Amino acid sequence: MEQWKGKVAIVTGASSGIGREVAKQLALNGMTVIGCARNQSRLEELSQEVTGASGKVVAIKCDVRKEEEILSMFDNIKTQFGGADVCINNAGLGRVSPLLSGTTEDWREQMEVNVLATCIITREFVKQLKERNCDAGHIIIMNSIYGHTVPAEAPVHIYSATKWALRAITEGIRQELRMMNSEIKITQISPGHVYTEIFERAFNISKEEAKNIFDQIASEALYPEDIASTVLHVLSSPPRVQVHDMKVIPVTANLY
Ligand SMILES: NC(=O)c1ccc[n+]([C@@H]2O[C@H](COP(=O)([O-])OP(=O)(O)OC[C@H]3O[C@@H](n4cnc5c(N)ncnc54)[C@H](OP(=O)(O)O)[C@@H]3O)[C@@H](O)[C@H]2O)c1
């Protein structure tokens, strides 16, 4: 991680779960992390938690469904820090909303957060790197094992569709970067089940009920730390190496 010390990373969805841990680990490794999410007080808590580290977390409230808030976040980053070098597109959600009976609003939210916001944020990220004549950036897209399979255990098919879309988008961005002769890297990480708030939010259930679901899938699911260490590994690769796609799943998972 030496090459990224003192550099700036954006982490979307830094208020909870995987994004929170990724933001924390990047700050502990000397990066200035722009932690973005809607829940500002949780972001501020994280920022306090890493006080004294060689890096820091700067909280920026941003609803990634609102393009104007994304653009204003980038303006803010430019004014305060000159720009960003790493972009972790992590904000995401699932909704139990079947294709044949779910609501359009549930589908729209997943499409806007998981897919559209990732595209807008990545476009703006590459734009500001180009403006700075900087070619050493790294984009990471938080995909899912459900971007590789279609789940049979719950009607989260739009969620799965958003993640399949991200696979095409990851490869599409890689191709466009090559066409620009750019050395900016893009990597997709596809976790299996990770203990976070994702089920509580998706099913609108308690932490205990969510734990029961995790337990049915694996005797021990992954922890956010497992994905954060994958991010550090990917970012530490030498300039010639692009880790394109990493599946990280619990050893005891009985799905996928
Ligand atoms: N946990 C798993 O088993 C698992 C497996 C595979 C992939 N993933 C992926 O990992 C990523 C992180 O999920 P997680 O498991 O850490 O879930 P989580 O604990 O529910 O965290 C989701 C994060 O996304 C943010 N977010 C949601 N809507 C947003 C919006 N409109 N604007 C800005 N931020 C928004 C939330 O922040 P606010 O609510 O504060 O806005 C929160 O920080 C997602 O892309 C998910 O698909 C998770």
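An oxygen atom of the ligand is 2.8 Å from an N or O atom in the side chain of S15, and an oxygen atom of the ligand is 2.6 Å from an N or O atom in the side chain of S16. The structure is a predicted model, in which local features need pLDDT of at least 70 and side-chain atom pairs count only at pLDDT 80 or more, whereas totals for chains, interfaces and linings use all residues. Residues are numbered from 1 along each chain as its sequence is written, and side-chain values use heavy atoms, with hydrogens and water left out.

**Ligand surroundings**

- A backbone N or O atom of I18 also lies 2.9 Å from an oxygen atom of the ligand.
- On its own the ligand has 880 Å² of accessible area, of which the protein covers 97% (Shrake-Rupley method, 1.4 Å probe).
- Helices and strands here are DSSP runs, H or I of at least four residues for helices and E of at least two for strands, numbered from the N terminus; those that give two or more residues to the shell around the ligand are α1 (17-28), α5 (157-179) and α6 (198-203).
- Of the 30 residues around the ligand (a heavy atom within 4 Å), S15, S16, R38, Y159 and T196 come nearest.
- By class, the shell holds 12 nonpolar, 12 polar and six charged residues, where Ala, Val, Leu, Ile, Met, Phe, Trp, Tyr, Cys and Pro count as nonpolar, Asp, Glu, Lys and Arg as charged, and the others, Gly among them, as polar.

**H193**

- H193 lies in the loop between β6 (185-191) and α6, and with 7% relative accessibility it counts as buried (under 20% relative accessible area, with exposed over 50% and partly exposed in between, 1.4 Å probe, protein chains only).
- The side chains of H193 and Y256 make a polar contact of 2.6 Å, that is, a pair of N or O atoms within 3.5 Å, of which, within protein, one must be able to donate a hydrogen and the other to accept it, while residues adjacent in sequence count only if both atoms are side-chain atoms.
- Leaving aside residues up to four places away in sequence, H193 touches (heavy atoms within 4.5 Å) several residues, including Y146, F199, F214, P250 and Y256.

**E49**

- E49 lies in helix α2 (residues 40-49) and counts as partly exposed because its relative accessibility is 42%.
- Not counting residues up to four places away in sequence, E49 touches R20 and K24, and a polar contact of 3.1 Å joins the side chains of E49 and K24.
- E49 and Q188 are 139 residues apart along the chain, and their C-alpha atoms are separated by 28 Å.
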